[in-house]
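Have the sequence and the 3D view side by side as you read.

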Amino acid sequence: MPARLPFARFETHESGYERWRSYEDGREVYVYVHRLVGVAEHGFEAMIDKHAHHDISIPWANWGSNIEPRDPPEHGNYHLRGQAMEALD
């Protein structure tokens, strides 16, 4: 594996999340598209230490109005509550 490829590759993870992949110092690095959209929509500062949350829970629904910054604990709790509610159905 080269230390760095001359380009990044776009791919869709098996979970449906779109991302860019490259290599840095011999290891894979990823940037998820919803994170890039979060920066474009809300600004870099707004996304520091935040998760990029999809309001509509479709992993490839990466338009600006569908992405919002969330604090990691709040984001995790939101999804845990959602999974608990789905289990009750």
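The report below looks at some paired strands and then at one alanine.

This is a predicted model, in which local features need pLDDT of at least 70 and side-chain atom pairs count only at pLDDT 80 or more, while totals for chains, interfaces and linings use all residues. Residues are numbered from 1 along each chain as its sequence is written, and side-chain values use heavy atoms, with hydrogens and water left out.

**Paired strands**

Strands here are DSSP runs of E with at least two residues, numbered from the N terminus. Two of them pair if DSSP finds at least two bridges between them.

| Pair | Sense | Bridges |
|---|---|---|
| β1 (residues 9-12) and β2 | antiparallel | 4 bridges |
| β2 and β3 (residues 27-32) | antiparallel | 6 bridges |

On the β3 side, Y23 faces E28. That hairpin has 2 residues between its strands, with D25 at a positive phi near 55°.

Strand β2 (residues 18-24) is largely enclosed by the rest of the structure, because 5 of its 7 residues are buried (under 20% relative accessible area, 1.4 Å probe, protein chains only).

**Alanine 52**

A52 belongs to strand β4 (residues 51-54). Is A52 buried or exposed? A52 counts as buried because its relative accessibility is 10%. Leaving aside residues up to four places away in sequence, A52 touches H34, R35, M47, I67, E68 and H75, where contact means heavy atoms within 4.5 Å. The C-alpha atoms of A52 and D71 lie 9.0 Å apart, with the two residues 19 apart along the chain.

How values were computed. Buried < 20%, exposed > 50% of the residue type's maximum accessible area, 1.4 Å probe, protein only.
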